[in-house]
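Colleague: Please take a close look at one part of this model, the place where the two chains meet. I would like a connected account of what builds that part and how it relates to the rest.

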Number of protein chains: 2
Amino acid sequence: MQHNLQDTVALLARTPAALDALLRGLPETWTLQNEGEKTWSAFDIVGHLIHGERTDWMPRARMILQFGESKAFEPFDRWAQERESQGKSLAQLLDEFARLRSENLNELRALNLKPEDLARRGQHPALGVVTLSQLLATWAAHDLTHLHQISRVMAHQYRDAVGPWSAYLGVLHCASHSA
Amino acid sequence: MQHNLQDTVALLARTPAALDALLRGLPETWTLQNEGEKTWSAFDIVGHLIHGERTDWMPRARMILQFGESKAFEPFDRWAQERESQGKSLAQLLDEFARLRSENLNELRALNLKPEDLARRGQHPALGVVTLSQLLATWAAHDLTHLHQISRVMAHQYRDAVGPWSAYLGVLHCASHSA
């Protein structure tokens with residue numbers, strides 16, 4: 001499957017509502033527990049998604065369009081949500097994520113990107129040359145990697161409770177990590 | 001985390017709306033593609049969840065309460081959705097899943113299960129002795145294993161589109177399988 005911008009936007013537009021439906025009002029035993037030291041809870045992950053809306057996707061898209069390969073992206077702070085989510089409720093974070101995502105998609109649509117724009121190149125501080133198309137596809141796949149992570153973190157809380165069924169539950173055997 | 005029936009019901013009640021928000025109206029490039037031969041698309045997975053509502057969770061709970069360990073559960077048909085989803089749209093499947101889940105949770109709540117009920121034992125055809133508590137915890141973890149799988153199957157469609165970012169996307173490195 002090639003990158004299709006309409007497909008990307010369709011997915012990006014749905015993620016906030018999907019996380020809202022899954023997480024809002026859910027007992028904190030599901031939403032505030034993680035997988036152990038230096039790992040993230042569902043609450044942490046929503047905070048990370050918010051930080052991405054503020055500093056990663058559209059800011060980097062603008063940098064590609066303005067500076068091309070001449071200026072590398074700012075490195076992304078993977079632990080920013082530790083500060084930024086402090087004192088907030090999960091409901092507040094879900095509202096904030098939905099609002100920022102909606103604003104960013106409005107800005108993306110207004111750019112009215114053409115295939116030649118999507119082919120434009122930028123400079124990632126670690127990965128080197130990347131295209132705008134790859135950046136936008138990654139925005140969508142990044143939502144999915146964190147939906148994948150949230151389901152794994154939550155399932156982890158029932159690791160013992162499921163007893164012998166753990167053998168059949170693939171999510172309990174997932175060793176992947178979401179950056 | 002011990003098994004807590006209220007937490008289990010809270011999660012089970014949210015899954016249909018979460019899948020609805022994620023999948024309804026999404027382009028078929030996301031929902032009908034799988035990970036290769038003998039693997040499932042998001043459409044297939046919703047069909048599998050429906051089959052579980054019909055034949056797995058509450059029927060097995062009733063069997064434990066009626067027969068204890070004296071009668072093994074019916075084996076679960078993991079490919080039933082190939083027949084049962086034929087000719088249906090994803091929107092129809094999402095409606096059907098939500099309706100069946102709601103009916104099953106009404107039945108579960110009406111049982112008004114006490115701790116001594118949750119400790120009752122049944123016979124799994126392959127796993128041997130299991131408890132009602134483990135069955136109900138597995139129902140919730142099974143939702144999560146398939147949310148995990150759906151996010152992985154969808155991300156797979158963008159494996160090439162993300163370019164060098166694939167190194168950072170944990171979901172693209174997940175080797176777990178969901179039974």
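This is a predicted model: local features need pLDDT of at least 70, side-chain atom pairs count only at pLDDT 80 or more; totals for chains, interfaces and linings use all residues.

Modeller: Two strands are taken to pair if DSSP finds at least two bridges between them. Strand 1 of chain B, residues 121-124, is joined to strand 2 of chain B by 4 bridges, and the two run antiparallel. They form a hairpin, with 3 residues between strand 1 and strand 2 of chain B. One of the bridges can be named by its residues: His124(B) has Gly128(B), in strand 2 of chain B, as its bridge partner.

By residue type, the side of chain B that touches chain A divides into 33 nonpolar, 23 polar and 5 charged residues.

Next, the contacts themselves. In chain B, 61 residues are in contact with 61 residues of chain A. Across the interface, 19 residue pairs are in polar contact, counting pairs with both residues at pLDDT 80 or more. The count of salt bridges between chain B and chain A is 0.

The arrangement of the two chains comes next. Chain B is superposed on chain A by a rotation of 180° with 0.0 Å of shift along its axis, at an RMSD of 0.0 Å. This is the relation of a two-fold axis. Both copies use the same surface, since 100% of the contact residues of chain B recur in chain A.

Salt bridges do occur elsewhere: over all chains the count comes to 26. Side chains of opposite charge can pair when their charged atoms come close. One such pair is Arg24(A) with Asp95(A), whose side chains meet in a salt bridge at 2.7 Å, N to O. Arg24(A) lies in the loop between helix 1 (5-23) and helix 2 (28-31) of chain A, while Asp95(A) is in helix 6 (residues 90-111) of chain A; the two residues are 71 residues apart, and the pair links distant parts of the chain.

Technical notes: Residues are numbered from 1 along each chain as its sequence is written. Chains are lettered from A and ligands numbered from 1 in the order in which they are written. Side-chain values use heavy atoms; hydrogens and water are left out. Copies are superposed by least squares on the C-alpha atoms of residues with pLDDT of at least 70 in both. Contact means heavy atoms within 4.5 Å. A salt bridge is a side-chain nitrogen of Lys or Arg within 4 Å of a carboxyl oxygen of Asp or Glu. A polar contact is a pair of N or O atoms within 3.5 Å; within protein, one must be able to donate a hydrogen and the other to accept it, and residues adjacent in sequence count only if both atoms are side-chain atoms. Ala, Val, Leu, Ile, Met, Phe, Trp, Tyr, Cys and Pro count as nonpolar, Asp, Glu, Lys and Arg as charged, and the others, Gly among them, as polar.
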